[in-house]
Amino acid sequence: MSLVSYSSSSESENEENVDNTTSCNNSVIKNLKCKYLPQASALLGESKVSIEIIDDPSLHEGRLRSFKHERGNWATYIFVPINADMLEDLQESCLAQIHQLAEFKACAELHISLSKTVILQYHLIDAFVECLKHAVQNCQGFPVVLNQLMVYTNAERSRTFLATKIEDLYTMKMMELLNRVNQVMIDFKLDTFYKEPSFHISFLWCLGDQVNLIESHLPQLINNSKDYLSFQIKIQNIKCKSGCKEFIFKLKN
């Protein structure tokens, strides 16, 4: 079983459970935006002399940008960071079985996504982070169990991922957290997460759309990796990356 290409998904409709403590209201956002005004260079516009950024896939293992680089726009996303050591055995077991099928590589930073990658203007980063902090400040950490192997692709179908998925029993708890993140996206007029999210940790990837190929070997992968397939983790931190900036929000114990 697989879930491929989230590209047709739309905004989350499950927002009615988000209370007043989970979002920055208009007055808060207005005050924050006034506090973090853009610098003079942003107000005066781009310099006539600019350096064109050329995307070279060979510099980052063949991966392609989802959007064109533009000065002042920072790629931003929110996720739950995961300790890579917890999946090391599963990662090695699966890689040993599928390395001849495609050129799979270990994912560098393991995580559970809570947002799409969105574009945030530089002068709004601090305001955005402040609202995100406000949205999740009362959230309690909680455990989840992962026990399924799944195959995914990105929206462009330019990369394929082997992942372990959170058991459906814990979807409601993850949705409560996601709804708070989605509300911040709405407040800043950014794209929210997928309408029907599949919370997972991608741990291997390869170039191209290899879903059918990997799916045909999935039963054997599951059988040979069953000793490493089921494990528990605790959701206790949320991380936001915006360009080279990183922000961590600890959930309550």
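The classes are set by relative accessible area: under 20% is buried, over 50% is exposed, and values in between are partly exposed, calculated with a 1.4 Å probe on protein chains only. The model is predicted, so that local features need a pLDDT of at least 70 and side-chain atom pairs count only at pLDDT 80 or more, while totals for chains, interfaces and linings use all residues. Residues are numbered from 1 along each chain as its sequence is written, and side-chain values use heavy atoms, with hydrogens and water left out.

An unreviewed UniProt entry lists His 111 and His 200 under "active site". These two residues span 90 residues in sequence, yet no two of their C-alpha atoms are more than 8.0 Å apart, so they gather at one spot. The UniProt positions follow the numbering used here, feature names are shortened, and annotations may be inferred rather than shown by experiment.

His 111 belongs to strand 3 (residues 111-113). Strands (E, at least two residues) and helices (H or I, at least four) are DSSP runs, numbered from the N terminus. Leaving aside residues up to four places away in sequence, His 111 touches Phe 79, Val 80, Pro 81, Ile 82, His 200, Ile 201 and Ser 202; a contact here means heavy atoms within 4.5 Å. A polar atom of the His 111 side chain also lies 2.9 Å from the backbone oxygen of Glu 109.

His 200 is found in strand 7 (residues 200-207). With a relative accessibility of 15%, His 200 counts as buried. Its side chain reaches the backbone oxygen of Ser 198 at 2.6 Å.

Cys 206 is buried at 1% relative accessibility, and Cys 240 is buried with a relative accessible area of 1%.

The last element to consider is helix 5 (residues 171-187). Its 17 residues should span 24 Å at 1.5 Å a residue, and the end C-alpha atoms are 24 Å apart, which agrees; the expected span is 1.5 Å times one less than the number of residues. Because 12 of the 17 residues are buried, helix 5 is largely enclosed by the rest of the structure. Among the buried residues are Met 174, Leu 178, Arg 180 and Asp 187. Just after helix 5, Lys 189 takes a positive phi of about 55°.

Terms used. Polar contact = N/O pair within 3.5 Å; in protein donor to acceptor, adjacent residues only side chain to side chain.
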